[in-house]
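Let's take a walk through a protein together. Have a look at the sequence and the 3D picture first, then read on.

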Amino acid sequence: MRVSIVVPAKDAATTIGEAVASAVAQGDVEVVVVDDGSTDDTAAVAEANGARVVRHPTNLGVAAARNRGIAEARAGLIAFCDADDVLLGGHVDAMLAVRGDDHVIVTANALWSFDGVVTGKTRHRGRFPEPSQQRRAILEANFVSTMSLFDRDLVDRIGGFADDLTHAEDWHFWMRAVFAGVVVRHQPTPLAHYRWGPGLSADTERMDAAVVEVLRRAEATLPLTDDERAYVRRRLEGPSPQSLLRTADAAVAAGRWSEAADAYKRAAELVPSDDAVVTK
């Protein structure tokens, strides 16, 4: 088999069947579902659709589930699919074509799906950071999707996902990879549906706290240049881009245009690599 597709799952019986079936259909892959303490029929549905299931008797979190899936994988290349996402035909093949024979991370574009309704909007828009820009860009924001492909031995080099992080554990992992010298390439054709709805990513307060923690760890452990360290310190000492954007959006809704413009400008100055923020 070429690729092991790891699917962390908790209480996902209503969506895991479609996710697993779409992963199995990629061909010449194995699908490893890590049932992270589910209390519903997640495991049974996953097995019925062709996955190999390993179980955590209690919920250990998504980072621990990803690590377990990687440890159980039999292929030399790892890809992820979340339990409520759907891979379209050719998703894995397209990432393999972008990877070639190079030991890079390939991150794939996807169509946004809001509670199952596909919008036609893509997750990645605008410029993708060039290799020379990726250290700074990954400090600004996570430009690497969980729908990515990488060498399994990357985990031996940099360690696994930090299982004490309940949010932003993927950003922390990709950040460490980039600072270890791994290049990220983009597969721009959207060949998956990425669901956004109630769940980890939508938990604003905890996500904000996790972003701060990841930046603190970057400051403490990564080989930052003086400019990179100054940037991280600036982020930690002031309002985050996310909070500035929320302030700006609220000001627009209330007709406070000057306040909105100032908040948008300050957010864009913090994440100049994010075209969507700069455009706002």
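Which residue with a positive phi follows helix 7? The answer is G181, with a phi near 100 degrees. Helices here are DSSP runs of H or I with at least four residues, strands are runs of E with at least two, and both are numbered from the N terminus.

Before going further, note that this is a predicted model, where local features need pLDDT of at least 70, side-chain atom pairs count only at pLDDT 80 or more, and totals for chains, interfaces and linings use all residues. Residues are numbered from 1 along each chain as its sequence is written, and side-chain values use heavy atoms, leaving out hydrogens and water.

Now stay with helix 7: 11 of its 11 residues are buried, meaning under 20% relative accessible area, while exposed is over 50% and partly exposed is in between (1.4 Å probe, protein chains only). Among them are W171, F173 and W174. In the loop between helix 6 (154–158) and helix 7 (169–179) you will find A168, which has a positive phi of about 60 degrees although it is not a glycine. A168 is buried too, with a relative accessible area of 6%.

F173 and W174 also belong to one aromatic cluster with F80, F150 and F161. Rings of Phe, Tyr and Trp (its six-membered ring) pair if their centres lie within 6.5 Å; planes under 30 degrees apart are stacked, over 60 edge-to-face and the rest tilted. The structure has 10 such pairs. The centres of F80 and F161 are 5.7 Å apart and their planes meet at 70 degrees, so this pair is edge-to-face.
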